[in-house]
Every structure is written in C-alpha cells, then in structure tokens.
Amino acid sequence: MLRQKISFYLDDLATPIGKLINIAIAFLVLASATSFVAQTYPIPDVTRYHLNLLDDIILGIFVFEYFLRLWCAEEKLKYLFSLYAIVDLLAILPFFLGAIDVAFIRLLRWFRILRLIRLVESRSLFVNKTEDIAILLRILFTLFAIVFVFSGLIYQIEHPTNPKFHNFLDAFYFSIFTMTTVGYSDVMPKSDAGKLTTVIMVLTGIALIPVQLGELFKRLIKTANQSDRIGEMKDITCSGCGLSLHDADAQFCKVCGTKI
C-alpha cells in the first residue's frame, strides 16, 4: 500500500501533492543547472564552495529518488531500461563515479537538465491549457535541452586548453550557430574530442530541430483549421478538468470523460 502510494505521487501531476513533489524536483534540476553555469565564470572561492555543497545535496536527493522509484516499480528490469530511468541514472552517475575521473564526471552532470522531460511530457500539468501550449512548451524545452547539454559538453571539453571558451556563454554561442549550421569561425574547437562533439552536435541539430519545428507548424495549421468550428461549440465548463469548449452534441468531456 505504501509502495503504491509513493509510486503514485512520484508520477502524479494532477493532485496538489504530486504536483508539489514534481515541481520541487524540477526546481532542484534548474538550481543544479544554474550552479553549473555559474561555476564557469570567475567567482569567489567561498561562493564556489557553497555551490559545490548545494550540488552535493541535490545529487544526494536525486540518488534517493532514483532508488525510491526503483523500489516502487513493479517490473524493475523494465523500469531500469526505460527512458526516464536512463535519464535519471545519467543524472546520478557522478555519485557512483566520484573516485574515478573528475573530468568525466563533469561531463555527465550537464545531462541533468534532461530530467525535466518527465515534467514537460505530462499532459496533467497543462490540464487547463490548450494542447497547443503543451506542444509548444515541449518543443521549446527539447530545443533548449539539446543546446544546453551540448554547450556544457563542449565547454567542459575545450575550456582547459582552448582560450576561446572562457565560460558557458561562449559555448552556448558556439552551439547555437553550429546547430543552426550558420557556423561562425571565431570560436572553434581544437581538441579531437571537441571536434567529434561538434560533429554529433551538427547531426543532432539537422535531425531534431526541423522535426520539432515541423511539428509546431503542423499544429498551428491544424489549430487554424479548427478555429472555424469554435462557433459551433458550446461553452460549458467541465467540473472534472475545467475544459470550457465542447462539441455541440457532446454529452461527456473529451478530456476526462466527466458528464457535462
């Protein structure tokens, strides 16, 4: 009973408790990402120490959450190989690899932003919003996450030997123009690992960015075509989910099934 209840709230975004837990996790992810970015700039040692301490605390929370989700999973092997579990594992690998290679660990931590996928993919979070907004947010997050991860990777690889990569903003600037295939030559990687990462970055941009933008444009066209039907719909607010527009002949809500 306890296991089922914990599992429910870890994945739930409809109830206040579930939403609070998942938003708190999202806040920790963003705080961690902000800490990583801040540490690429010249900051006092005391501030850097506190940021590292904050990151250790957040990492500990994520490790606890990972094993809690694993304990709650009915099919543990299936869960271990699910997309969300793999992303969660990438976020906590530094906890297990702390004594191996510091440079490798710093590369892994940039993947932590991907933990927000679980939140962005949820439809429950946007129950009072249109589907267009949910899709738009998902697309924007996908693009941001791709650029953020590659910016962190290229910074971590190039910064020690390449003076062109002073901070995260330099890496972000490089990633934006590289992934859009504009390719300004004032900032370029020097190491073999940096060049390989750049190639992967370009291929990722070519493969994913047009698809994401194409999906958005298709949705906008579909919305425009459906706008003519709005006048034929009845304005009744669903007591279950709050949806206000329904087909003229609808007897049940098309989102949650509540009788209207």
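Modeller: Ile206 has 49% relative accessibility, so Ile206 counts as partly exposed. Buried means under 20% relative accessible area, exposed means over 50%, and partly exposed lies in between, with a 1.4 Å probe and protein chains only. This is a predicted model: local features need pLDDT of at least 70, side-chain atom pairs count only at pLDDT 80 or more, and totals for chains, interfaces and linings use all residues. Residues are numbered from 1 along each chain as its sequence is written, and side-chain values use heavy atoms, with hydrogens and water left out.

Colleague: Which helix is Ile206 found in?

Modeller: Helix H10. Helices are DSSP runs (H or I, at least four residues), numbered from the N terminus.

Colleague: How far apart are the C-alpha atoms of Ile206 and Thr180?

Modeller: They are separated by 7.8 Å, though the two residues are 26 residues apart along the chain.

Colleague: And Met179, what is it in contact with, leaving aside neighbours within four places in sequence?

Modeller: Ile146, Val147, Phe150, Met201, Thr204, Gly205 and Ile209. Contact means heavy atoms within 4.5 Å.

Colleague: New topic. How many residues has the largest nonpolar core?

Modeller: It has 41 residues. Such a core is a set of buried Ala, Val, Leu, Ile, Met, Phe, Trp, Tyr and Cys residues joined through side-chain atoms within 4.5 Å. Met179 is among those with the most contacts inside the core, and so is Phe62.

Colleague: Which helix gives the largest share of this core?

Modeller: H8, with 10 residues.

Technical notes:
Helices (H or I, at least four residues) and strands (E, at least two) are DSSP runs, numbered from the N terminus.
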